[in-house]
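Biologist: Pick one part of this model and take me through it up close, please. I'd like the cut-offs along the way.

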Amino acid sequence: MKAPVFVAFFGMVFRSHSLLRILSHRPTHRRTGWTSVLSFVTMALSGYLIQIASSPEAVTVFIWMHIVTSGVFVGGYGIHLVLGWRFHRART
């Protein structure tokens, strides 16, 4: 039950923060932001595909895809948060 809430929360963050930064002309932290967005989309898709896959081989592939992209998301988003925090502290 936690995953739908997480997906909805990330959608709100994407709409209010990520999309604005992607469309802006300032390239600050865009690489870690893109890493977070793309890995989240892949992670969410693989989580869904785990539930609907019919063959054991496909389930195994989607589980591994989910594990790997979850790790990339956690790492990328963690770095993104740290860089944003450091950037904000440097400006104030």
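Modeller: Let's begin with Ile67, which is partly exposed because its relative accessible area is 46% (buried is under 20%, exposed over 50%, partly exposed in between, with a 1.4 Å probe and protein chains only). Keep in mind that this is a predicted model, where local features need pLDDT of at least 70, side-chain atom pairs count only at pLDDT 80 or more, and totals for chains, interfaces and linings use all residues. Residues are numbered from 1 along each chain as its sequence is written, and side-chain values use heavy atoms, leaving out hydrogens and water.

Ile67 sits in helix H3, residues 56-91 (helices are DSSP runs of H or I, at least four residues, numbered from the N terminus). Together with Ile63, Trp64, Val68 and Val72, Ile67 makes a nonpolar surface patch of about 470 Å². Patch members have over 30% relative accessible area and no salt bridge, with nonpolar side chains (Val, Leu, Ile, Met, Phe, Trp, Tyr) joined within 5 Å and like charges within 9 Å. A salt bridge here is a Lys or Arg side-chain nitrogen within 4 Å of an Asp or Glu carboxyl oxygen, and areas are Shrake-Rupley with a 1.4 Å probe, only the protein chains shown counting as cover for residues.

Ser39 and Ser55 are 16 residues apart in sequence and 24 Å apart in space, C-alpha to C-alpha. Over in H1 there's Phe14, partly exposed at 28%. Phe14 and Gly33 are 19 residues apart in sequence and 10.0 Å apart in space, C-alpha to C-alpha.

Methods. Helices (H or I, at least four residues) and strands (E, at least two) are DSSP runs, numbered from the N terminus.
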